[in-house]
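Open the model in your viewer and keep the selection tool at hand. We will go stop by stop, picking a region and then looking at what is there.

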Amino acid sequence: MLTDEQVLELRSHFPILREKTYLYSCSQGALSDAVEGGMAEYAQSWRTSSAPWEEWMEAYEALRAAFAGFINARPDEVALVASASAGINPIANALCFNGRDKVVMSEYEFPTMGHIWLAQRPRGARVEFLEGVENTVPIESYRQAIDERTRVVPLTHVSFINGFRSDVAAITRLAHDCGALVFLDGYQDCGTRPLDVRELGVDFFVTGTLKYLLGPPGLAFLYVRRELVESLTPTITSWMAQRDVFAFRTRHLEPAAEARRFEGGTPAIPNIYMARPAIELLMRAGMDNVAAQIERLARAFREGARERGIATKTPPSSVGPLVVVRSRDAPAVVARLAARGIVVSARHDGVRFSFHVYNTMEDVHTALTALEENRDLMVRA
Ligand SMILES: Cc1ncc(COP(=O)(O)O)c(C=O)c1O
């Protein structure tokens, strides 16, 4: 657990925290001086290097290795892509749906998960959505839906809409027992706690840098379990996905033997320069410490909302980072809080309060006081 002094020191690296109560990491993480340093380093290399692409390809491979270490994967299991969608698409596109045509996912997945797998219907996929029950998805629903016709189970680690946390281990066991694959979307969790894809046992994992990884938009990571990499040949491909990138053989298609085979074209180098220091900053804080701080704040906020009689969408078992309260007019609440320097976001009837290691108990109290003052717009518990 970090001491108050350590949290204060960490906060000093995020200029916006001097001005705002920043509870917005589920949409965009705060900008640190470390990430600004990454931007400056990129500009410097572009301005001065006689062979910038050599440097930039080194930075790109270094980030792949750093992220692989962050999730306990191997570098050859990680692809750098432009967005989570750009990571999910080549996998959806490489899977076949004959024999096993079912795709089972809950209604709390991020929309892009629905859209990408629904787009596979002309290729034979049948998508079955599981209904949520009071902002949770009972494990029983997965048990009933997953069968020997199931190809893949896309699974959100934490739902963007209500903060519900999936039981990844249990659902993965159910899927694997039936021979189905699991595609974990970690976007709303990655960067908030230690993560071990091997221990979770999932087949695919995707996340992007812009939220809890505290980096820029325009960069995401796809993990593909080593045994699956070469069995999947996407028709969405690029020259950078080839075995020998710099052979420049237009007539010859030979996908890389590594997860790089799922990548698009020229990588977003500026984003790579910004993402690396962000991940290093988190690792220096220690992911166990990050998780402990987030859990403490999320629990206190949830409890505070309960005491004030404000309805919460997030189930008590979800220990952050996202806590969603129910409102009659969520965009109006966001606007009123913004006027007081509190940065939050709205989805449907929910106002999203998201906690990161740089937040404090004072932030929790500021947010709860603001909710109390806007009681007229909140749904009573
Ligand atoms: C759970 C989840 N998945 C995916 C995304 C984004 O997907 P993409 O990177 O394709 O825009 C988000 C957020 O915007 C998200 O919350």
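Two strands count as paired if DSSP finds at least two bridges between them. With that in mind, select strand S2 and strand S8 (residues 220–224): four bridges join them, and the two run antiparallel. Please remember throughout that this is a predicted model. Click on Leu80, and in S8 you will find its bridge partner, Phe221.

**Stop 1: the seven-stranded sheet**

Now widen the selection to the whole sheet around that pair. Seven strands form an open sheet with mixed pairing, in the order S2-S8-S7-S6-S5-S3-S4. At its edges sit strand S2 (78–81) and strand S4 (126–130), each of which pairs on one side only. Leaving direction aside, neighbouring strands here are turned by 20° against each other on average.

Next, pick strand S5 (residues 150–156) from this sheet. Is S5 enclosed or open? Seven of its seven residues are buried, so S5 is largely enclosed by the rest of the structure. Show its pairing with strand S3 (residues 102–106): two bridges join S3 to S5, and they run parallel. Lys102 stands opposite Thr150 in S5. S5 is also joined to S6, by five bridges, again in a parallel arrangement. To see one of these pairs, select Pro154 and its bridge partner in S6, Phe183.

**Stop 2: a buried helix**

Select helix H4 (residues 84–94). Eight of its 11 residues are buried, so H4 is largely enclosed by the rest of the structure. Colour the buried ones: Ala84, Gly87, Ile88, Pro90, Ile91, Ala92, Asn93 and Ala94. What covers them? The cover includes S2, S8, helix H5 (111–118), strand S6 (181–185) and strand S7 (204–208).

**Stop 3: the nonpolar cores**

Show side chains for Phe67, Ile71, Tyr142 and Phe205. These are the residues with the most contacts inside the largest nonpolar core, which has 70 residues. Helix H10 (residues 269–285) gives the largest share of this core, 10 residues.

Neighbours within four places in sequence aside, Tyr142 is in contact with Val104, Ser106, Leu130, Val137, Val153, Leu155, Ile171 and Leu174. A second, separate core has 31 residues, among them Ala79, Met105, Phe204 and Val224.

**Stop 4: the two domains**

Colour the protein by its domain assignment, which gives domain 1 (4–30 + 286–377) and domain 2 (36–282). Taken over C-alpha atoms, the centres of domain 1 and domain 2 are 27 Å apart. Where they meet, 32 residues of domain 1 are in contact with 24 residues of domain 2.

**Stop 5: the three-stranded sheet**

Now select S9, S12 and S11. These three strands form an open sheet in the order S9-S12-S11, with antiparallel pairing. The edge strands, each pairing on one side only, are strand S9 (322–326) and strand S11 (345–347). From one strand to the next, the twist averages 35°.

Zoom in on S9 and strand S12 (residues 350–354): five bridges join this antiparallel pair. Val325 stands opposite Val351 in S12.

**Stop 6: the cysteines**

How many disulfides does the model have? The count comes to zero. A disulfide needs two cysteine sulfur atoms within 2.5 Å. The closest cysteine sulfur to that of Cys96 is in Cys178, 20 Å away, which is too far for a bond. Are these side chains buried or partly exposed? Cys96 is partly exposed, with a relative accessible area of 45%, and Cys178 counts as partly exposed at 24%.

Terms used:
Residues are numbered from 1 along each chain as its sequence is written. This is a predicted model: local features need pLDDT of at least 70, side-chain atom pairs count only at pLDDT 80 or more; totals for chains, interfaces and linings use all residues. Side-chain values use heavy atoms; hydrogens and water are left out. Axes are lines fitted to C-alpha atoms, for helices over the stretch in contact, and angles run from 0 to 180 degrees between N-to-C directions. Buried means under 20% relative accessible area, exposed over 50%, partly exposed in between (1.4 Å probe, protein chains only). A nonpolar core is a set of buried Ala, Val, Leu, Ile, Met, Phe, Trp, Tyr and Cys residues joined through side-chain atoms within 4.5 Å. Contact means heavy atoms within 4.5 Å. Domain bounds come from an automatic or database domain assignment.
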